[in-house]
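Biologist: I would like to go through this model term by term. Show it to me, and then tell me what each label rests on.

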Amino acid sequence: MKNWLSIRTIVAAGIGAAIFIILRYISIPVGFIPNTTVQLSYIFLALIAVIYGPVAGGLIGLIGHSLGDAFQYGSVWWSWVIVSTLVGIGFGLVSGRLKISEGDFNWKSIALFNIAQVITQAIGWFLIAPVLDIVIYGEPANKVFVQGFTAGILDIVTVGIFGTLLIWIYAQTRTRTGSLKKEA
Amino acid sequence: MNFRMLSYIDRPSPIHRLTGATKLICFILWSVIGMSTYDTRILFVMLIVGLLVFKLSQTKVREVSFVLTFILIFLLLNDIAIYVFAPQQGTLIYGTRHVLLDLPGRYALTWEQLFYQLNITLKYFVVIPFALLFVVTTQPSEFAASLNRIGVNYRIALAVSITLRYIPDIQRNYHEIAQAQQARGVDLSRKAKFRQRMRQAATIVIPLIFSSLERIEVISNAMELRRFGKKKKRTWYNAKPFAFRDFFAIGFSLALLLLSLWLAIQHGSRYYNPFQ
């Protein structure tokens, strides 16, 4: 119990979800495809999942997306909420292999993070979101796949550029282990 | 930046008096029915009950109108997109073809398509009154207690409670940072070009995120010091006991779910087909 749900994870999930919800308001609509925007919130989700791990990431996706939908639109699109949860978990899965909190975010880590984010988001937006939309709402297949691909590509690109940048900025603020030297 | 959000409105109505747990269970049950069924009759019952409950809650339409406008626009765009991508989806589902209006190409308008799109719009629409009312009539601090009541781990319920507690704080934080940056000469108006605006957004968003990350450390240390999470259970200041009306509301929703499932099994399909 204590290992997978520590106090830090709970607080990170709670506050992270609050920021996730606020950041949803700062998004750029694509316009010609409904309910599809470039969302700053996923960039933030990437950062916090990388710092606090998959449990926090998944919870932020779940709480942030469902409450955000309810407060902003007065209804909840469960199919996309599930995808946000999975994407949050996916971002967090590499957190153990990266040493962000120790200020270490080199090219290898950047590559690792981006491979993980492309794979999870591709599975989430290209596959799971459209399939759930078809199963739950009986929407036409070609429409939801276009929607999923547009959202997915936009999110992969924005997380790839700005997410990487944000994590790098965060890593710069951390003190590196072994950065102190004994003066001669 | 204007953060328009639904929030709790205090009113003496029977819906407000229901416990948070009841409203949450009912909301989940109605979402499940709305997602699983495609039966027009069930959807109409849900629509009418939803509107009645909305009336009963004494919520005024203008208090939620900004949300309603958005949803109606979304549903309209969604319907147009469905028609553009799959104008014969209805024919595919219902197996017959009654042409209403002969349009060029594959865009012939059929009764089946209209009926299918009516159903899909209803499916999205019927859940709205319940989601709206759940937000508008449930006190935020009771929400966490009710999550725990329906079996969610209290640590996770507390995470939700923290989210609700900190949304206003982070909004205030955002405005403070925005004003500080404007005082330093950052142009936040719409006159700036796209690239500049992205950079300006960063001058606000990055301090916002980093100050919040510090807050996570402070709060988790404080909770650690107060021995949070050492016991299997906890009590909630805002928990309410169940009354008759709670059992009635849950019973009604459950009955409707069973009815819709029974109808689907009887038909052998979740679509109600008036064309055969």
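Modeller: Start with contact: two residues are in contact if their C-beta atoms, placed from the backbone, lie within 7 Å. The model is a predicted one.

Biologist: How many residues does each chain bring to the contact by that rule?

Modeller: Chain B brings 51 residues and chain A brings 41 residues. On chain B, α2 (20-36), α4 (61-85), α6 (111-126), α7 (128-137), α9 (154-183) and α10 (194-225) each supply at least two residues of the side that touches chain A. α9(B) gives the most, with twelve residues.

Biologist: Which residues meet where α6(A) contacts α4(B)?

Modeller: N142(A), K143(A) and V146(A) in α6(A) meet A81(B), I82(B) and F85(B) in α4(B). By class, this contact has four nonpolar, one polar and one charged residues. Lys counts as charged, so K143(A) is the charged one.

Biologist: How is such a pair of helices described?

Modeller: Two packed helices are described by the angle between their axes and the distance between the axes. Here the axes of α6 (residues 141-173) of chain A and α4(B) come within 8 Å and cross at roughly 115°. The crossing is right-handed.

Biologist: What does the record say about chain A, and what does the model show over residues 110-132?

Modeller: The unreviewed UniProt entry annotates "transmembrane region" over several stretches of chain A, including 77-98 and 110-132. Over residues 110-132 of chain A, the chain is 100% helix and 0% strand, with end C-alpha atoms 31 Å apart. Over residues 77-98 of chain A, the values are 73% helix, 0% strand and 33 Å.

Biologist: What are the domains of chain B, and how far apart are their centres?

Modeller: Domain 1 is 15-139 + 239-267, and domain 2 is 146-225. Their centres, taken over C-alpha atoms, are separated by 33 Å. Their contact takes six residues from domain 1 of chain B and four residues from domain 2 of chain B.

Biologist: Where is confidence lowest and highest in chain B?

Modeller: Strand β1 (residues 99-101) of chain B is lowest, at a mean of 81, and helix α3 (residues 40-56) of chain B is highest, at 91. Chain B averages a pLDDT of 86, and 95% of its residues score at least 70. The model scores ipTM 0.84 and pTM 0.86.

How values were computed. Residues are numbered from 1 along each chain as its sequence is written. Chains are lettered from A and ligands numbered from 1 in the order in which they are written. This is a predicted model: local features need pLDDT of at least 70, side-chain atom pairs count only at pLDDT 80 or more; totals for chains, interfaces and linings use all residues. Helices (H or I, at least four residues) and strands (E, at least two) are DSSP runs, numbered from the N terminus. pLDDT is the predictor's confidence in each residue, from 0 to 100. UniProt positions are given in the numbering used here, feature names are shortened, and annotations may be inferred rather than shown by experiment. Axes are lines fitted to C-alpha atoms, for helices over the stretch in contact, and angles run from 0 to 180 degrees between N-to-C directions. A crossing is left-handed if the near helix is turned anticlockwise from the far one by less than a right angle, and right-handed if clockwise. Domain bounds come from an automatic or database domain assignment.
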